[in-house]
Structures are given as structure tokens and as C-alpha cells.
Amino acid sequence: MDLIRNLIESSDSEGDEEMFLAFFQINGTTRNEKSRAENFMSTIDRYNDEEFRNNFRLTRSTAELLICKFENSVFYKEAEGRGRSSLCAKKQMLSFLWFCANKNSYREICNLFDMSESTFFRHTESILDFFHDISREYIKMPMTDAEKANVANEFEKLAGFKNVIGCIDGSYINVRKPANKIRSTYINRHELVSLTLQGICDADKRFLDVFLGPPSKIHDSRIFSMSPISQKLPTICQQSYHILGDAAYPIREHLLTPFRDYGNLSNRQKKYNKRHCQTRVKIENCFQLLKQRFRQLMRLDFFTVKKMCKFIMACCVLHNICIDQNDLFLTTNEENNEDVDNSQDNVRINNYQECNTRDNILKRLGEMKRNTIVNTFT
């Protein structure tokens, strides 16, 4: 740069100075800006409804609702500081939704939406905080008698299993090794680094509760005992209602599991297992829908577990908002759905039994309730 300044100062004419500056700008010496798409937002505006849905994996009306809610929240900051141009809520939200729906790199997103990577990271943090804030509004268990009865009625329509207010399971979310963590801690049974997303859903495949963060090396029953919902379920379900889980979970009065089939089940027990499976499959469908709609969940490239969890939570909230808006998304068989066969592996893995008196009593109460239900099947 000193050489450039000396050349310019030694020139006797303004024309020579302009020539030097133009030369070095063309060659990138005095210009640090990157070439990016400048009119991509106008291209999005010209998308028809099908093109918009194919690219964002949700409808334009759902996106507009999210933009409006974000713009009216405390998390939206239009001005970015001195010397920086403002970024509208629409651009911030659409860039985030594009990132969720497509397996693009940060650089590709920034090139499309004409922003620097630091700007994208900053606005992503604000949007993740926004979704975390509204998560209590969109992800919640049924609490009133009317809400529980409504959820139970929808489940009963599936296979005749009464008083079910949720189905629970865990699903692997593949991630990069978190910073400053031991890789072997996060290895799952497929030898991949992952976190476990524990979810409870209703008959419409809507999340009622999610629990995030534990490494996938931890067994589902242990993750359940770590989650806050395990302490709340007895109060929520009382003695009338229950949720359904696979054989990985401990049977309880409020959490019913299938009978283990060693070849000696009665016809009623087999019918119970069949109806249990036909009802509980909704949580597997829920995970499949979530992953197929939001492709970033194929493998998260964030560095910290905290940010991974915030992003997964945001996707779960988006999932529920889409269902509320009747924004349907047809799943395909292109995914390798590891959740479908989890129950068989969990039967093999879960060999230990609770040995203290309290757990034995809770287990016995669960078995008594299950036997009562079995006797109602003809």
C-alpha cells in the first residue's frame, strides 16, 4: 500500500491518480468486498407457490407468518451498527429458513442472500433465541381435562387404544464432534457422532415435549429418567391417561410398553402389542417428517452442543407451526429411517432391571394397568 501511495503522490495529474486507483481496484488490491448475488430476494418474490415450497419446504403463507412474528419480537434488530446497512426481517428469516431446508454451506447461503458470514451468524443467533422463546407456546403437553380428552380421542381413532395422550421415542441427530468433547462419548450404535432427540408427539405428529443434549451413547431409558418430563408425567397422566413407549423404556402406570415376545404370548397380548405398535408409530413418523423437511438435521456442523440443541429446538418449533398452519409435507422412503427398528435393538440392549423397592412397585403398577387394558381386547 505504501508503494501505491507513493506512485499516486508522485503523479502530476488527477487523471493519473484515477488511473492508478482504477487499476488496483480491478485487481482487488483496494477492494475487499466479495462478489455475491444482489437480486436473489427479488428472485424469491417471483417464485410461484410450488417453487417457493420446493426451495423452502414450507408454504409462503407460513414463511410470512414467521417473518411477521419475528419482526414484532424483541429479538429482531434492524440496525446493525455504525457503517453497516440494515437487514430487514424478511431477509433474515428467509436466509435462516433456506439454511434449515437445504444442505447448503454457510458460504453458499451468504452468497445467495448477499451478506457476510459474520452477519449470517449474528442473525442466526437472534433467530434461534426467538424460536427458543416461543417454544413454550408451540411445544406443550395437554394439561386440562378437555385437552387430554381431545388428544386421547384422536389416538383412539388409530387402533382403538384408549386414554393415550402421547407417544415417546428417541432419535439420533448426526452432528460433528462438539468442540472440547471426547468423540467416543457421542458415538451411537451406527458408529456415528450424534445427539439424541427425545420426543413425545400427538396423533397429528405434533411435538408435545422435546428433550435435547444427551450423547447418543446413553440408553433411551436413562435419557428418559434425566428428562424433566419423567417427573411431570405422573401428575399429568394421573391414573386415567398414559403415554406409549417401546421396550427400551421402563413400564409404568403412566408409560406403557409392549409385551416381550418370547413365543408364549396369548392372543390378547398379541392384539395389545399390535395396537400399541399401530399407535406408537406416530412418533417414528414424526421424526421422519422432521428430518425430511429440515435437511440440515442430516448432519449439524455447529461447534457447541448448546447451539446444536438450540437449532434442533428451532426445527421442532417450525415443525409444529407448519402442522398448525396445515402446511403438509409428504414424506418419502428416500431416508434411512433408523427409528423404525430401534425397539428391537433396545430389547436386546436393555438387559438390566431396577432393583430398588420403589422401582419394583412402579413397575408392578404399570404391569397391572397393562393387564387390565389387555382384558378389554376381544
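Select Leu-97 first. Beyond residues up to four places away in sequence, Leu-97 touches Phe-56, Leu-58, Ala-63, Leu-66 and Leu-318. Keep in mind that this is a predicted model.

Now widen the selection to the nonpolar core. The largest one holds 96 residues, and Leu-97 is among the members that touch the most others, along with Met-93, Leu-94, Phe-96, Phe-131 and Phe-311. Colour helix α13, residues 305-324, next: with 13 residues, helix α13 gives the most to this core. Then colour by domain. At least three core residues come from each of domain 1 (38-137) and domain 2 (139-327 + 353-376). In soluble globular proteins, nonpolar side chains tend to be buried together.

Move to Phe-302, in the loop between α12 (267-293) and α13. Is Phe-302 buried or exposed? Phe-302 is buried, because its relative accessible area is 5%, and the cut-off for buried is under 20%. Show its surroundings. Leaving out neighbours within four places in sequence, Phe-302 contacts Phe-99, Tyr-106, Arg-176, Lys-307, Met-308 and Phe-311.

Select Ile-361, Leu-365 and Met-368, which make a nonpolar patch of about 260 Å². Centre on Leu-365, which sits in helix α15, residues 357-374. Leu-365 has a relative accessible area of 34%, so it counts as partly exposed.

Terms used: Residues numbered from 1 in each chain as written. Predicted model: local features only at pLDDT ≥ 70, side-chain atom pairs only at ≥ 80, totals over all residues. Heavy atoms only, no water. Patch = residues over 30% accessible without salt bridge, like charges linked within 9 Å, V, L, I, M, F, W, Y side chains within 5 Å. Areas by Shrake-Rupley, 256 points an atom, 1.4 Å probe, with all protein chains shown as cover. Salt bridge = Lys/Arg side-chain N within 4 Å of Asp/Glu carboxyl O. Helix = DSSP H or I, 4+ residues; strand = E, 2+ residues; numbered from the N terminus. Buried < 20%, exposed > 50% of the residue type's maximum accessible area, 1.4 Å probe, protein only. Core = buried A, V, L, I, M, F, W, Y, C linked by side-chain atoms within 4.5 Å. Domains from an automatic or database assignment. Contact = heavy atoms within 4.5 Å.
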